[in-house]
Amino acid sequence: MPVPTIYYIRHGETAWNAEGRLQGVQDIGLNERGRAQAAHAGRILADLLAGDGRDKTTLPFVASPLIRARATMELVRTELGLPPGDYALDARLREIGYGTWEGSTLAQAQAADPAVYARRLAEKWTVSPSGGESYVDVQVRMTQWYRSVTSDTVAVAHGGTARALMVALGFETPASAADLYIEQGAVYVFGAAGLQKYS
């Protein structure tokens, strides 16, 4: 079976992104900058699809169920001239869960839980905060999601799920992906030829 191409967009900025807070599965909406980033990603995607000779009306669109991803998807689809709400949701695309750290800055997480914070600093891929997930957990569900994709797809999700997918597909290692910055307002294309970022 041919390898599907994934046009992957991280959600736009939220107030918690701007404040350096760990969002995880908390439902935080886009801020003004985030809405502009989402629209920008939509314009990049429109150019990519046109350049690839793809009919945007035949591609599946799927988003994380978190509101920041859904709002981004709706702005992207608006830029493409498609009905904003006509896309699927998949819970496997939700962001990594940070458990008791959600809502905290890294400094606050370190102060509240210094031992686990130090372990996670050394082994980010495998260590999780209390009640949260490790990147290994996220990699498992992103691998399951990718294996369920049967055709080229537009996905809007999160930075953590992007890192996990990069490792699952062999584009990064856990060590290289752990602190990789995933840009907002960009389109990452996962395909047979490798991984490309367009911003």
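Colleague: Which residues is Thr5 in contact with, leaving aside its neighbours within four places in sequence?

Modeller: This is a predicted model, in which local features need pLDDT of at least 70 and side-chain atom pairs count only at pLDDT 80 or more, while totals for chains, interfaces and linings use all residues. Residues are numbered from 1 along each chain as its sequence is written, and side-chain values use heavy atoms, with hydrogens and water left out. Thr5 is found in the segment before β1 (6-10), where helices (H or I, at least four residues) and strands (E, at least two) are DSSP runs numbered from the N terminus. Taking contact to mean heavy atoms within 4.5 Å, the partners of Thr5 are Asp152, Thr153, Val189, Phe190 and Gly191.

Colleague: Is Thr5 buried or exposed?

Modeller: Buried means under 20% relative accessible area, exposed over 50%, and partly exposed in between (1.4 Å probe, protein chains only). Because the relative accessibility of Thr5 is 17%, this residue counts as buried.

Colleague: Which residue forms an aromatic pair with Phe171, and how are the planes arranged?

Modeller: Rings of Phe, Tyr and Trp (its six-membered ring) pair if their centres lie within 6.5 Å, and planes under 30 degrees apart count as stacked, over 60 as edge-to-face and the rest as tilted. By this rule there are 4 aromatic pairs, and one of them, Trp125 with Tyr135, is stacked because the centres are 4.7 Å apart and the planes stand at 15°. Trp125 and Tyr135 are both buried. For Phe171, the centres are 6.0 Å apart with 50° between the planes, so the arrangement is tilted and the partner is Phe190.

Colleague: Where in the chain do Phe171 and Phe190 lie, and how many residues apart are they?

Modeller: Phe171 is partly exposed at 29% relative accessible area, whereas Phe190 is buried at 2%. Phe171 lies in the loop between α7 (159-168) and α8, and Phe190 in strand β5, which places these distant parts of the chain 19 residues apart.

Colleague: What is the distance between the closest N and O atoms of Glu79 and Arg43?

Modeller: A salt bridge is a side-chain nitrogen of Lys or Arg within 4 Å of a carboxyl oxygen of Asp or Glu, and by this rule the count comes to 9. Glu79 and Arg43 form such a bridge, linking helix α3 (residues 67-79) with helix α2 (residues 32-51) across 36 residues. Both are partly exposed, Glu79 at 34% relative accessibility and Arg43 at 41%. The closest N and O atoms of this pair are apart by 3.6 Å.
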